[in-house]
Amino acid sequence: MTPDNTAPADNTGDARSDKKPLLAARDLVQEFIAREAGGARGGVVQAVSSVSFDIMPGETLGVVGETGSGKSTLARAVLQAPRPKSGSVVFRDMELTKLRGSALLSARRDMQFVWQDPFGSLDPKWQVRSIVEEPLAAHSVGTRQSRRKRAEELLDLVGLDPARYGKRHSRELSGGQAQRVAIARAVALEPSLLICDEAVSSLDVLIQAQVLNLFERLRRELNLSYLFIAHDLALVKQVSDRVAVMYLGKFCEIGPGESVYKQPLHPYTKALLDSIPSTEPGAARATATLRGEPPSPINPPSGCRFRTRCPRAADRCASEVPQPRELAPGHLVACHFPLTEPAPAAAAAASVPTSAQAQAQG
Amino acid sequence: MSNALLEVEDLRVAFAAGGREIRAVDGVSYTVEPGRTLAIIGESGSGKTVGCRAIMGLLPVGTVISGSARLNGTELIGLSDSQLRKHRGSDMAMVFQDPARSLNPTMQVGKQITEAIRTHRKVGKSEARDQAIELLRLVRIPAPERRFSEYPHQLSGGMRQRVVIAMALACRPKLLIADEATTALDVTTQAQIMELLLELQRDLDMALIFISHDLGLAASYADEVVVMYAGKVVEQAPAKRLFGTGGTVKMRYTRALLDAIPHLERPAHAELPVVTGRPPDPSALPVGCSFAPRCPSAADDCTAKAPALAEHAPGHRWACWHPCENGATA
């Protein structure tokens, strides 16, 4: 989703619009072939469907969505692992989709990532300090001794005592410690962009708070930008300057965090917000406003992909794909009937007459 | 508490590991009444799961369990495995975090439910099938007849967890323990499953224990909350007393858990209030309060002597020498 391809930087609605984005993704499409039993071609899953966004230097873009919304595929498409089917990713003025081999490797040096499962991304046979050192060695940074020293500094940076943890193996670490090691390795090459895919989701809440504060500190100290992907809306709000909401491969809403959460424009965003458990007992018990599950991405609904679960869906939603519209500064929504506008008159009556009548009678 | 369904008293669980004794659960007591929901909250390793597994008889051989857990007056601790098996599944059932691990990937989900039914009851195959379809309907799975013959991989995570809940409910247990049953699910699915559990609880008059690390979930759904730290209960109170406006959290630890939850009101990039450090090594617990090394208001008496859990206000127990004033932020 982008307001205008010619002036893509004006997404935040602030004075940074004259700066160039660090990362500019345009019309990213990623497809996979779904196989049925025996390997027969079962259809094409468009996991990411024409997604565009910018990330400014020092900015954090949060992406929220349910399982299967394509948010992890989006992160991988940005990394070119695997390469997207179509679209462009411009990172520091380099078109990543056109780079090959060592050129791509060196471009990725400035773009690091942290995945959900820290143990899955740490070699169990390696000592912690070697793990942190590896990217330095891979890019031939410094001498063996300077690399070792740098690894110790990095462990210190993420709050692990190098003397105590440097020679341990990943299995001797707790989940939070292992994730810190993964983060130390990710920032070893002083990247300008850190892609975090559910990076704190598996951690206990107290450790999660520590790691989130670490991310904030690194953002300030290293001027890092983040593409922060998570399913937890409150978490994403906490760390992000701007937030995008993803559903079935498309962004349905993107805008400044405060704006998206205070004045959600898309019915899906509203439903997600209503699902967050409240710490106010009884008063605001989360009501499962969203029934059912996302439809299959192999055969997504026509028009708006959310319409099959949307309480406001009308005929137009089935026939016409909603295009992103900027309804507030930097705040875009892809919806025919955003929440700031009255619900379509025909919606309730036309789509669910029986249940509406039943409710009226009951 | 004569009307309690489950009475747990001074439950202790110890493992031997590398010649050292690990006291995973160290004197835990609580009761659950029919139709009520108890939330057991704590970090990884706090003993919340181990305690419930001890009640269910799901711990490995060699675990030393002492204390008492009475279900409907029947003492469960010390029962032989075959005696426990009669209760497990029929009187009490447990649902785990990862539904994929609870299901056999090579077996139709409906068959797995009929298996659960026929293990405990003498019913014919076709009758068991009807009951299984009824159970799938009970957990709000659309088109249950069709879903019956599907395999776990054909279902979404939320649907799988519904199937696991259907299996757990096969014999209409009086007590259902949900161990992080919604943790792996999306927030919208989590809300759906929690609503389902509460509806089922109401309809079947079950007692529900849910184990979670998420105090927000406890605030939203529980009647009673037990907060565990390093194998001990550190605070226990009705949810209404702990949370919300006028909430009176007394333990710094509970406060810290509550403060660490990301919430929408906090501005972006705000520093989260954190407690440093990690829970203590369960084989080398400190002499005094286990939380003292991480506690912002720890004093000399905290490291000298462990505070006992005591009822300081009606229905509200805590174990702290220096409790928070009126639930003030630490």
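**Exercise 1. Describe how H6(A) and H7(A) pack, giving the angle, the distance between their axes and the residues in contact.**

Solution. In this predicted model, in which local features need pLDDT of at least 70, side-chain atom pairs count only at pLDDT 80 or more, and totals for chains, interfaces and linings use all residues, the helices H6(A) and H7(A) pack at an angle of about 15°, with their axes 10 Å apart. Residues are numbered from 1 along each chain as its sequence is written, while chains are lettered from A and ligands numbered from 1 in the order in which they are written. Helices (H or I, at least four residues) and strands (E, at least two) are DSSP runs, numbered from the N terminus; axes are lines fitted to C-alpha atoms, for helices over the stretch in contact, and angles run from 0 to 180 degrees between N-to-C directions.

Next, classify the angle: under 35 degrees counts as roughly parallel, over 145 as roughly antiparallel, 65 to 115 as roughly perpendicular and the rest as oblique. H6(A) and H7(A) are therefore roughly parallel to each other. Their crossing is right-handed, meaning that the near helix is turned clockwise from the far one by less than a right angle, with anticlockwise giving left-handed.

Then list the contact, for which C-beta atoms, placed from the backbone, must lie within 7 Å. H6(A) contributes Gly176(A), Gln179(A), Arg180(A), Ile183(A) and Val187(A), and H7(A) contributes Ile207(A), Gln210(A), Val211(A), Leu214(A), Leu218(A) and Leu222(A). By class, these residues divide into 7 nonpolar, 3 polar and 1 charged, where Ala, Val, Leu, Ile, Met, Phe, Trp, Tyr, Cys and Pro count as nonpolar, Asp, Glu, Lys and Arg as charged, and the others, Gly among them, as polar.

**Exercise 2. Work out which element of chain A gives the most residues to the side that touches chain B.**

Solution. Begin with the totals: 40 residues of chain A and 37 residues of chain B take part in the contact. On the side of chain A, the elements that give two or more residues are helix H7 (205–222), helix H8 (233–239), helix H9 (257–262) and helix H10 (267–274) of chain A. H7(A) gives the most, with 8 residues. The side of chain A that touches chain B has 18 nonpolar, 13 polar and 9 charged residues.

**Exercise 3. State the strand order of the open sheet in chain A and identify its edge strands.**

Solution. The 4 strands of this open sheet lie in the order S2-S1-S4-S5 (chain A), with antiparallel pairing; two strands pair if DSSP finds at least two bridges between them. At the edges are strand S2 (41–55) and strand S5 (94–95) of chain A, each of which pairs on one side only. Strand S1 (residues 23–35) of chain A is joined by 5 bridges to strand S4 (residues 86–91) of chain A, and these run antiparallel. Within S4(A), Val89(A) is the bridge partner of Ala25(A).

Methods:
Contact = placed C-beta atoms within 7 Å.
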